Amino acid sequence: MDDEMDDESVVGMEASNPGAPPPERHLAPGHAFEAFDWKVVTEDGADWVMEMEITPRVVNSLGALQGGLLATLIDSVGGMALLDGGLTGPRHVTSELQVSFLAAAKVGPVRAVAHILHRGGKSAVVRVDVRDVGADDLFVATGTLRFALMSGGAGGSADPAG
């Protein structure tokens, strides 16, 4: 989740923290995220939403969005929901990810919609649902993520039991 964004696209995926200077974190040139053609969109009732085009760079041999990349999208959108939701102070890291793959995403774009289910002092839980918008909103996957909230910045300790 170490990236920068603007209103139209996610260049890196760093949500802004009003009143605080953004941390100096950038993706290395050629980072895997460059394979994604994604943009931030809005949807009523959602905590964070992104759409990603299905391009030849992200499909498997059957022409569907590759499962590992779909899981990466789910993880990224879940983390961005916490950043956009005003999570300040401790950093968060994914401590658990469960994904159910329900159908192949072949048309695109896919839309990943995050809902924060729980935010506590040491952990947060986010659900991300993914639909293939171009295939009549076909429901393709759902993921549930648990994030450990780390104290002391990126080098601090995390207690995933929190």
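Author: Let us begin with one pair, bearing in mind that this is a predicted model: the side chains of Glu43 and Arg131 meet in a salt bridge, at 3.1 Å from N to O. Glu43 belongs to the loop between E3 and E4 whereas Arg131 belongs to strand E7, so the pair ties together parts that are 88 residues apart in sequence.

Reader: What is the general idea behind such a pair, and how many salt bridges does the structure hold?

Author: Side chains of opposite charge can pair when their charged atoms come close. In this structure there are 5 salt bridges. Among them is the one in which the side chains of Arg111 and Glu43 meet, with 3.0 Å from N to O. Because Arg111 lies in strand E6 and Glu43 in the loop between E3 and strand E4 (48–52), this pair ties together parts that are 68 residues apart in sequence.

Reader: Are Arg111, Glu43 and Arg131 buried or exposed?

Author: The cut-off to keep in mind is that buried means under 20% relative accessible area, while exposed means over 50%, with partly exposed in between. Arg111 has a relative accessible area of 17% and is therefore buried, and Arg131, at 16%, counts as buried as well. Glu43, at 26% relative accessibility, counts as partly exposed.

Reader: Which residues are linked in a network of salt bridges?

Author: The network links Glu43, Glu51, Arg111, Arg131 and Asp137. Glu51 is found in strand E4, and its relative accessibility of 9% means that Glu51 counts as buried. A polar contact of 2.5 Å joins the side chains of Glu51 and Arg111.

Reader: With which residues is Glu51 in contact, leaving aside its neighbours within four places in sequence?

Author: The residues in contact with Glu51 on that basis are Asp37, Trp38, Lys39, Val41, Pro109, Val110, Arg111 and Val133.

Reader: Which residue forms a salt bridge with Asp129, and is Asp129 buried or exposed?

Author: The partner of Asp129 is Arg127, the closest N and O atoms being 3.1 Å apart. Asp129 is buried, with a relative accessible area of 13%, whereas Arg127 is partly exposed, with a relative accessible area of 29%.

Reader: Let us turn to the strands. How should I read a sheet, and what is the order of the strands in the open sheet here?

Author: Strands of a sheet pair through backbone hydrogen bonds, either parallel or antiparallel. Here an open sheet of 6 strands has the order E3-E4-E6-E7-E8-E5, and the pairing is antiparallel. Its edge strands, each of which pairs on one side only, are E3 (38–41) and E5 (91–101). From one strand to the next, the twist averages 25°.

Reader: How many bridges join E6 to E7, and which residue in E7 is the bridge partner of Ile116?

Author: Strand E6 (residues 110–119) is joined to E7 by 9 bridges, and the two run antiparallel; the bridge partner of Ile116 in E7 is Val126. These two strands form a hairpin with 3 residues between them. Strand E7 (residues 123–132) is mostly covered, 8 of its 10 residues being buried.

Reader: How many helices and strands does the protein have, and what pattern does it follow along the sequence?

Author: The protein has 1 helix and 8 strands, and the pattern read along the sequence is β-β-β-β-α-β-β-β-β. Buried residues make up 40% of its 162 residues. Of the contacts between residues at least 6 apart in sequence, 59% join residues at least 24 apart. The protein exposes about 8200 Å², of which carbon and sulfur atoms supply 51%.

How values were computed
Residues numbered from 1 in each chain as written. Predicted model: local features only at pLDDT ≥ 70, side-chain atom pairs only at ≥ 80, totals over all residues. Heavy atoms only, no water. Pairing = 2+ DSSP bridges. Helix = DSSP H or I, 4+ residues; strand = E, 2+ residues; numbered from the N terminus. Axes fitted to C-alpha atoms, helices over the stretch in contact; angles between N-to-C directions. Buried < 20%, exposed > 50% of the residue type's maximum accessible area, 1.4 Å probe, protein only. Contact = heavy atoms within 4.5 Å. Areas by Shrake-Rupley, 256 points an atom, 1.4 Å probe, with all protein chains shown as cover. Salt bridge = Lys/Arg side-chain N within 4 Å of Asp/Glu carboxyl O. Polar contact = N/O pair within 3.5 Å; in protein donor to acceptor, adjacent residues only side chain to side chain.
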